[in-house]
Amino acid sequence: MYEQISHSLLNEILDQLKPEIYRRDLRHFYTRLGANFYAIHYLFHLLYGSRDDFKDQMVRLVETMATQYLLRDDELQEIDVQREQNHNWFLSQEWAGMALYPEGFAGTINGLQERLSYLQELGINMVHVMPILKCPKGASDGGYAVSDFRDTDHRIGTLDDIRALAASMRQRNMLLTLDVVLNHTSDQHQWAQKARSGEERYQDYYYTFENREIPDMFEESMPEIFPQTAPGNFTWDEAMGRWVMTVFNNYQWDLNYNNPAVFIEMLDVILFWANQGADILRLDAVAFLWKKIGTTCQNEREAHLILQLMKDCCQVTVPGVLFIAEAIVAPVEVIKYFGEDAIIAKECEIAYNATYMALLWDAVATKNSRLLNLGILNLPTKLDRATWLNYIRCHDDIGLGFDDTDIRLAGYEPAAHRHFIIDYLTGQHQGSSAQGQPFGFNGKTGDARISGSLASLVGLEQALEEGDPEKTEQAIRLILLLHSMILSFGGIPLLYYGDEIGTLNNYDYLNVPDKANDNRWMHRPRIDWQQVEKRKQRGSVEQRLFDGLQKLIAVRKTIVAFADFNNRELLTIANPNLFVFLRTNPLQHTDSVLVVGNFNTAPQSLNLEELGNRGHFGLGGVKDLCSGRSPSLFKDQLVIPPYGFYWLIDHRQ
Ligand code: GLC
């Protein structure tokens, strides 16, 4: 957009750029800057316009973008241009992701590079490499307490190793996702250390206070994230003689985005990692970026403005790079992290679908789809050119972040229902064979989340212990059912490492003093590659899971209707045990695929007449794309086995 004030400012800024920037050929940079500058100026002004040094800060912002642009490899710049031309590339059904800790998966970054062919064998072509940056030993929060944003943990690998990994992945047409922890640093980061030693400039990088007056005001409305291990949101720092805001652990200091210098530093970090070859950046804990007294300090409007501004700046410098919003918040809030508009107020292209994740676990515990159906029905429609990351579990605990109103509509009382789910998944409920553990129990609210590996949560651990073939069979079916749901929903499926071979809870963390009080480590496994070999033994649990998932992923990639163009229709049907939705081909509006999942342990039937004339299923018979077979129909009744699922097309297609 052309607007005089911002464009004359832009010309002024360009005149002030350092000569080494000014002299270089920046054609693409300038066209993109021109196109995005109105929004950049507008947002930067909204956030920092009242400051005397506003113009200086703007110069610094543009300089940061230009410098990183000049540092960007030709190969990456070419990819930027290709992705600009094909801007829907990431909505394709051809992507299938996995999140993994490189250390647990393969020891090191180089080890991971050697194992890329294993991931390809499964069909994975997007890898979220969990945090690899320098963190203090013993106070790392699994890599999320960073003490140097530009250096790796040398036990896992070096920057060169990362660049080599990125290059190898590019050759294999695989996407690399890396984390950027935007909300906080470790208390050992040099900014924190300088703040500690009394440098005011760096104290202003954080929220620090000389007494409890303001912290107490904040505390009135701020929830606690780790109530058991890190109660409260402020920590007294003896050396600094001040209170500092620490929303997560007491060694994670929250960054103060009221200060434009913080914004520019963190933008520089984002661009740095884009330039190391990351295709996607996972922005950690984005809901927390702005703090305001009297609020929960989550999902504030300014947090969104910051993300919009970061996106606009990246569109200028590294336009091929996408953002994932890690915002594990209520459904109506999650949706806002895509932005308000796909072009003029864009934030993140991808967001964790925590709602779907939690609802799937509800269906597992209740063995029906009542809440799952309601929760998805009430999930607000997302923007075009935005997509979900659909997952069953990740490295974090499972939070029951669905809506109380939906719980009531499903016929349950919210508090009692949440208790039931926790009891079920932690094996306290009669008839449950789940072996999870409660995480983050809050004595004041009674809330808890759940830790545990997928296989242990669905009863595989118990089944194997008991040597019970029937229970083992059920657990395998349930693991495949859950994956069939994330693979067909619309968005990028994100598997979790180890789940493809049924990795059970790992209790080794209990022997490591600085991990022992964080049971999320029970589901952050070290892969046993001898166990992985069992995927080649016919009939083994590993083989059944691995081959089942491999097949599903391969089939997913061939189904155009599974690309994500908001082309999903949830179908309300009479049988509450089933979850049924229709995916239509976004290009032709034909070739619809009917997805049916049965969350019950008994066979269920679906009356195809209930579908009306959608897709004309049933008239000429149906075919299941997963098995390649035609499931039997009794009149118009489709029978779905216990924990069964179908991806159905009309037989004539
Ligand atoms: C994110 C991470 C989680 C971490 C938290 C604080 O939610 O996924 O593991 O504890 O941020 O950085």
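A surface patch is made of residues with over 30% relative accessible area and no salt bridge, with like charges joined within 9 Å and nonpolar side chains (Val, Leu, Ile, Met, Phe, Trp, Tyr) within 5 Å. In this predicted model, local features need pLDDT of at least 70 and side-chain atom pairs count only at pLDDT 80 or more, while totals for chains, interfaces and linings use all residues. Residues are numbered from 1 along each chain as its sequence is written, and side-chain values use heavy atoms, leaving out hydrogens and water.

**Surface patch**
- Ile214, Met217 and Ile293 make a nonpolar patch of about 220 Å² (Shrake-Rupley method, 1.4 Å probe, only the protein chains shown counting as cover for residues; a salt bridge is a Lys or Arg side-chain nitrogen within 4 Å of an Asp or Glu carboxyl oxygen).
- Met217 belongs to helix H12 (residues 213-219); helices (H or I, at least four residues) and strands (E, at least two) are DSSP runs numbered from the N terminus.
- Met217 is partly exposed, at 35% relative accessible area (buried is under 20%, exposed over 50%, partly exposed in between).

**Sheet**
- Five strands form an open sheet in the order E20-E21-E22-E27-E24, with antiparallel pairing (at least two DSSP bridges between two strands).
- Its edge strands, E20 (568-570) and E24 (622-624), each pair on one side only.
- Strands E21 (residues 578-583) and E22 (residues 593-598) run antiparallel and are joined by six bridges; Val580 has Val596 in E22 as its bridge partner.

**Helix H3**
- Thr31, in helix H3 (residues 27-48), is exposed, with a relative accessible area of 54%.
- Between Thr31 and Asp254 lie 35 Å in space, C-alpha to C-alpha, and the two are 223 residues apart in sequence.

Key: Buried < 20%, exposed > 50% of the residue type's maximum accessible area, 1.4 Å probe, protein only.
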